[in-house]
Amino acid sequence: MSYRQQAQPYQQADGPARAPADESDDEEALVNEYREQTQYDEDGMVDLDRATSLGAASQQDIQAQLQAAATPLEFQATLDTKFASYDNYCSLFHFILNSDGPVDLEMPNYYWAWEVIDEFIYQFNSFCSYRQRVALRNENAEEIQLLRENPNTWGCYSVLNVLYSLIQRSAISEQLAAAKRGEDASLYAGEYGNRPLYKMLGYFSIIGLLRVHCLLGDFSLALKTLDDIELNNKKGMFARHTTAHITTYYYIGFSYMMMRRYADAIRMFSHILVYISRTKNFQKNSQFDTNAKTVDQMHVLIAISVAFQPTRLDDTIHTALREKYGEQFNRMQRGGPDSIPIFEELFRAACPKFISPTPPDFDNPEVNIDPVEHQVTIFMAEVRNNMWSPTVRSYLKLYTTMDLKKLAGFLEVEPEKLRHWLLVNKQRSRQVKWNGGGLLDGTVENLSDLDYAMEGDLIHISESKTGRRLVEWYLRNLQRTY
Amino acid sequence: MAPFDYAPDRPDNIDVILNGLDRYNPETTSVFQDYVMQQCENQTYDCYANLALLKLYQFNPHLTRDETITNILVKSLTVFPSPDFSLCLSLLPSHILSPLKTSHSNPAAGDAPLSEAVQKLFVLNNLLNGADYAAFWATLDSDDLYADLVADVAGFEELMRVRIAVTVSGVMREVDRGVLEGWLNCTGREFERFVSEVCQWKVEGNVVKVPLNKENEAKGTVVRENVKFDQFARVIKRAYEQPA
């Protein structure tokens, strides 16, 4: 997971020397594949046409390697360890993907596939963040040298290549599409996809892609990636593993938020937070800390989203927010300049650890700004843009008609400024909202119960009210007559 | 509304690339670049394809073409207040918005001009999103660099006027002529032509009347309950069970 604590600053250790050159040839090739390859074969699969380094290994060794791939690196792992771990992943995935036909492997446990993809991406994430930080600080010459010499280690092309290859080998997209149509998925699975190993790796690679795209700041592609996955399907594979379930919703909700689809973000966060509060089943899990942290981050994100888009939350979520973030939640909802530092602090605490996919510019340390800062700047522009909306709404709620100049007087602002605020608030009350189809689908809707229009300086205000619910009352009384 | 990844004028070959792994193939960069140019010339727009190009630049910084990046950003301004501009920014290098150093203190950073351009456009985007249209036009006129940046986008000013008019029509039924002139940055006969011919609004003395539409009507609504036949199942069943 991306929210675990980052490794401590590198400490000089007598670790093993970097793997000799002949061993890293495989990875070099894997990395350069996209660049060098001029032709993709028909299904876009990459054929490395090379003997695998695992081919001759015994079953026992392979089992050990499978276990290792799903195990987190230790807290203070050195660069050498990180390089070695990358090499291990490369040879493992190379073995799985490019052997002669599907490999016959027993997964160490049912959720191994999720754990290995999770760990793979987590290590990619933390490596990129770490590399960027080393470059920005420009202190540790030895590490800089090592990183300069290995620009392709944990390269974005090789990480994406692994995920896309697993998806294609397993024909998981075709399988999911068939299941959606109500057909037998196994007919579309092919030689690889019928095996649990490939099927599950392929499935969780889709979730992995969602995450990688989001970490790279590509929010629309992140959502597009999930086109084949039915979120409402309670039997969906992602929903059976608590961490996978939580992670999926976190990244979907966050991507929606960055696309300013706050209502959809709230819907996603609410769904998973209510689910978790009902089941509480993750307490037993070994990944308790990670899950608890993500859940906490989602509370923060839902609070931010509600500040943008006032929404009545489920009682359990609302209570949790009041307990944990009562004061901050109130201040964000009130808006104005006072809310700005709160938004920034909370966003920083709850956003994913964004990464830059390419090696940093070691010659100009100062340009290697943490990508998190970049996304914070972009997000905060939107916060500033909206900061007067709560004020505007709170006043308009009190009237049915109002003169612009008079209201400007109450608020002690220039009438022209107020006119801008009114435009902004009205524009922002129209949001794209999902109502079926892929995650990127949706229609523009008025999501506010307050609406208004201006006739010159006169503001006409209207409210949408919920009508009386008569049917239940009628039926209840009808019962009594029997 | 169409999904975010849909564009009505997208050519088939672009669609194929976007839906396959070729979207990561550096060799498609030039195809996307040509497509951006095409969008600039034909006044069409395809955010999803442009994001794919920015992603190729993100993965292959040596292929980056500053001019294409700024063209994409300028195009995304023409669809404000959508999040497109921000979504494009999110894929640019992380230092692009950090404060610029005074001219030559940073000789090796070759894209200082790009940073400057992006930050200038960021200012425009913030003004537009803050609905401060008069300030948007004033800023656009304040620096020759802006003229260079928008030069490739055919009909930029007209596109912006139309877009501003659309946002105005969603909120206003009647607007002071002076205010609207400032927002659209045109006066006199040019203003009257735009308002009456392009927008189909009426100029009456000192006010401009915007015809009623779904958005500027602001009618109070009552959300009514949705009654389903099933709810009455028991009542109806009972009617059969106990004949009177």
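Arg161(B) and Glu157(B) sit four residues apart in helix α9 of chain B, about one turn of the helix. Helices here are DSSP runs of H or I with at least four residues, strands are runs of E with at least two, and both are numbered from the N terminus. The side chains of Arg161(B) and Glu157(B) meet in a salt bridge, 3.8 Å from N to O. A salt bridge is a side-chain nitrogen of Lys or Arg within 4 Å of a carboxyl oxygen of Asp or Glu. Arg161(B) is buried, at 8% relative accessible area. Glu157(B) is partly exposed, at 37%. Salt bridges with shared partners join Glu157(B), Glu158(B), Arg161(B), Glu190(B) and Arg193(B) into one network. Buried means under 20% relative accessible area, exposed means over 50%, and partly exposed lies in between (1.4 Å probe, protein chains only).

The model is predicted: local features need pLDDT of at least 70, side-chain atom pairs count only at pLDDT 80 or more, and totals for chains, interfaces and linings use all residues. Residues are numbered from 1 along each chain as its sequence is written, chains are lettered from A and ligands numbered from 1 in the order in which they are written, and side-chain values use heavy atoms, with hydrogens and water left out.

Stay with helix α9, residues 156–171 of chain B, and find Val166(B). Val166(B) is partly exposed, with a relative accessible area of 46%. Together with Val162(B) and Val198(B), Val166(B) forms a nonpolar surface patch of about 200 Å² accessible area. Such a patch takes residues with over 30% relative accessible area and no salt bridge; nonpolar side chains (Val, Leu, Ile, Met, Phe, Trp, Tyr) are joined within 5 Å, like charges within 9 Å.

Now take chain B as a whole. Chain B has 13 helices and four strands. Its radius of gyration is 25 Å, well over the 18 Å that the globule rule gives for 244 residues, so chain B is more spread out than a compact globule. That radius is taken over C-alpha atoms, and the rule is 2.2 Å times the number of residues to the power 0.38. Along the principal axes, the C-alpha atoms of chain B fill a box of roughly 95 × 55 × 35 Å. Of the 244 residues in chain B, 50% are buried.

Ser94(B) leads across to chain A. Ser94(B) lies in the loop between α5 (84–89) and α6 (112–129) of chain B. Ser94(B) is buried, at 11% relative accessibility. Its side chain reaches the backbone oxygen of Ile369(A) at 2.6 Å.

Side chains of opposite charge can pair when their charged atoms come close. Asp451(A) and Arg430(A) form a salt bridge, 3.4 Å from N to O. This pair links distant parts of the chain, 21 residues apart: Asp451(A) in strand β4 (residues 450–455) and Arg430(A) in strand β2 (residues 430–433). Asp451(A) is buried at 9%, and Arg430(A) is buried at 17%. Lys224(A) pairs with Asp227(A), with the closest N and O atoms 2.7 Å apart. Lys224(A) is partly exposed at 21%, and Asp227(A) is partly exposed at 26%. Over all chains, the structure holds 31 salt bridges.

What joins the side chains of Glu143(A) and Tyr130(A)? A polar contact of 2.7 Å does. A polar contact is a pair of N or O atoms within 3.5 Å; within protein, one must be able to donate a hydrogen and the other to accept it, and residues adjacent in sequence count only if both atoms are side-chain atoms. Glu143(A) lies in helix α5 (residues 141–149) of chain A.

Definitions and conventions. Accessible areas come from the Shrake-Rupley method with a 1.4 Å probe; for residues, only the protein chains shown count as cover.
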